[in-house]
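Notebook open, model loaded. I'm jotting down what I look up as I go.

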Amino acid sequence: MLSNDGDALSVSESSILRRQKSRAHINFAWSSKLRWTAVLGQLCTVLIVHFSCGVDLPLAPLLGLIALTAGSNLALGWMFHGGLAPGSFGRFESKGERLMGFASALDVLNLSVLLGLTGGPLNPFATFYFVQLVLGAVILPNRWAIGLTALSLTSYGLLFIWSRELSVFSDPNQLALVQRGMQVAFFAAVVVVVYFVMRVGRELEARERELERDRYLRARDERFDSLITLAAGAAHELATPLSTIAIVAGELERDLNTVQVEAATLEDIKLIRQEVRRCRQILVNMAAQPGELSGESLHRASVVSYLREVIEPLHAESRIALTVGLALESAELEAPQKALRRALRGLVKNALDASALDQSISVVAERRDNHMIMKVIDQGTGMTPDTLAKSGDPFFTTKEPGRGMGLGLFLSRTVIERLGGKLRVESEFGRGTQVSVELPLCLAANPTPKTNDV
C-alpha cells in the first residue's frame with residue numbers, strides 16, 4: 001500500500017464503503033427528486049384547476065397536504081444523509097430501505113387523501129397509483145414493494161367508500177375538461193415512469209461498472225500480494241543453495257588455477273559463478289520492486305527531473321528522442337520516487353528492447369488539464385492481438401529466456417494505477433507499440449498555465 005504519513009493511495013476501506021452505499025444513494029436521490037416534482041406538479045394542478053378551470057376545490061386541505069409532502073421530503077433527506085456515520089454496509093442499507101419504504105408509503109397515503117378530496121376514483125390522476133407501484137418495484141426490496149402494493153390496493157378501494165364528489169365529473173358540459181384531465185394525467189404518468197426508470201437504470205449501470213472496477217483492483221492487488229509473497233519465499237529458499245554454489249564454484253576455480261586444466265573448463269566455472277550472481281540479482285530485484293511499491297513514502301519532484309532520472313541510467317540517450325511540453329516545465333509529481341522511476345524506466349527499456357540497435361524510440365510528455373500524459377513509442381515489430389491481450393499479465397513475456405521475467409509491465413501498471421493514473425498499450429503487428437501513461441499532477445503549486453504545449 002503506497003503511503004505518506006499513513007495515508008493510503010490504494011483502494012481504501014472507506015472508498016469501498018462509499019461505493020457500496022451508492023445504490024441506496026442513487027435510489028434515494030431520484031426518489032427525492034420525484035417527490036419534489038410531485039410537489040410542484042400537484043401545486044400547479046390544484047391552482048390551475050381551481051382558478052383557471054373554475055372547479056371548486058378545497059384549497060386549504062389540499063395545500064396542506066402538498067406542504068406535508070414537501071416537509072416530509074426535507075425531513076427524510078436529513079434523516080438519510082444525517083446520522084449515517086461510517087459503519088457496516090448492512091446497517092446503511094437497512095436504514096436506506098426503511099426510509100425509502102416509509103417515503104413511498106407516505107406518498108401513497110398522501111395521493112389517496114388528495115384523490116379523496118377531489119373526486120375519488122373518478123379523478124384522472126388516480127393513474128398515479130401505477131406510478132408509485134412501478135417506482136416502488138424499481139427502488140424497493142421485494143417485501144417493501146409487496147407491502148406498497150397492498151397499501152395502494154386498499155387505499156384505492158377505500159376511495160369507492162369515501163370520497164368528496166366534484167360536480168365536474170357528473171356535468172355533461174364539463175366532459176371536454178375531464179377528457180383533457182385524463183390526457184394530462186396519462187401523459188404525466190408515462191413521462192415520469194419512463195424518465196425515472198431510464199435515469200435510475202443508467203445510474204445503476206454506472207454503479208455496476210464501478211463495482212466491476214473495484215473487483216478488478218482487488219483481484220490485481222491480490223495478485224500483487226501473491227507476487228510479494230512469492231518473491232520473499234523464493235529469496236529465502238534460494239539464498240542458501242545459491243550461496244553454497246557460489247562458494248564451491250569459487251573454491252573450485254582457485255583449485256583449478258593451481259593445476260593444468262583446459263581453458264574451457266575455467267570458462268565454465270566462471271560462467272557458473274556469473275549465472276549464480278545473476279540469479280541472486282534477480283531475486284533481489286523481485287523482492288525490491290514490490291518492497292519499494294508497498295512501503296516507500298511519497299516524494300515531490302518536477303516532471304522534468306523525473307524523466308531525466310528515468311532515462312539517464314539506461315545509457316541510451318542517443319536512441320531516445322525526449323520531448324517535454326512547455327506546460328510541464330514547472331509541473332510536479334508526487335509519488336514514491338524509486339517505484340515510479342522504476343515503473344517508467346521499465347516502459348522505456350521495453351521499447352528499447354523491442355527496437356533494433358539502429359532504431360530510436362520517442363518519449364513524449366505533455367500536459368492535459370491537470371495530468372501528465374507520457375507516450376513511449378517504439379519502432380519494433382509490434383504485437384498480435386492475442387499477445388497484446390496478455391501483455392499485462394504477470395510472468396508473461398515475449399523476450400528470449402533469461403532476458404525478462406514478465407513482471408515489468410505488470411508492476412508498472414500497478415504503480416501507476418495506485419497513484420490514480422492510467423496505463424494503456426496500443427500495438428499493431430509490424431508497426432510498433434505505443435504505451436501511454438496518464439498521471440495526476442500536483443495542483444497546489446501548479447496552476448494550469450496559459451501557454452500551450454508545443
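Which exposed residues does the face of helix 5 turned away from its buried side carry? I find Asn142, Arg143, Ile146, Leu153, Phe160 and Ile161 there. For me, exposed is over 50% relative accessible area, buried is under 20%, and partly exposed is in between, using a 1.4 Å probe and protein chains only.

Ground rules before I go on. This is a predicted model, where local features need pLDDT of at least 70 and side-chain atom pairs count only at pLDDT 80 or more, while totals for chains, interfaces and linings use all residues. Residues are numbered from 1 along each chain as its sequence is written, and side-chain values use heavy atoms, with hydrogens and water left out.

**Helix 5**

I took helices (H or I, at least four residues) and strands (E, at least two) as DSSP runs, numbered from the N terminus. The buried residues I noted in helix 5 are Ala145, Leu148, Ser152, Ser155 and Leu159. Looking down the axis of helix 5, I see its buried residues fall within an arc of 90 degrees, so they line one face of the helix. That arc is taken from the directions from the helix axis to the C-beta atoms.

I also checked the length. Helix 5 has 20 residues (142-161), and at 1.5 Å a residue they should span 28 Å; the end C-alpha atoms are 29 Å apart, which agrees. The expected span is 1.5 Å times one less than the number of residues.

**Cavity**

I searched the whole structure and got 1 cavity of 30 Å³ or more. A cavity here is a set of points on a 1 Å grid over the protein atoms alone where a 1.4 Å probe fits but cannot get out, and lining residues have an atom within 4 Å of a point. The largest cavity holds about 70 Å³ of space; volume is the space filled by probe spheres set on the points, with grid points joined across faces, edges and corners.

Its lining includes Ser31, Leu34, Gln132 and Phe196. Helix 1 (13-52), helix 3 (89-117) and helix 4 (128-139) each supply at least two lining residues, and helix 4 gives the most, with 4.

**Salt bridges**

What counts is a side-chain nitrogen of Lys or Arg within 4 Å of a carboxyl oxygen of Asp or Glu. I get 5 in the whole structure.

One of them joins Asp107 and Arg35, at 2.7 Å from N to O. That pair links distant parts of the chain, helix 3 and helix 1, 72 residues apart. Asp107 and Arg35 are both buried, and both belong to the lining of the largest cavity.

Glu309 pairs with Arg341, their closest N and O atoms being 3.1 Å apart. Glu309 is in helix 8 and Arg341 in helix 9 (residues 337-354), so this pair ties together parts 32 residues apart in sequence. Glu309 is partly exposed at 28%, but Arg341 counts as buried at 17%.

I also logged Glu426 with Arg424, at 3.6 Å from N to O. Glu426 is partly exposed at 37%, and so is Arg424 at 48%.

Most residues other than glycine have a negative phi. His315 has a positive phi of about 55 degrees; I found it in the loop between helix 8 (303-311) and strand 4 (320-324). His315 is exposed at 69% relative accessibility.

Asp369 also has a positive phi, near 55 degrees. It sits in the loop between strand 6 (361-368) and strand 7 (371-377), and Asp369 is exposed at 61%.

Key
On a 1 Å grid over the protein atoms alone, a cavity is a set of points where a 1.4 Å probe fits but cannot get out, and a pocket is an open set with protein on both sides within 12 Å along at least five of seven lines; lining residues have an atom within 4 Å of a point.
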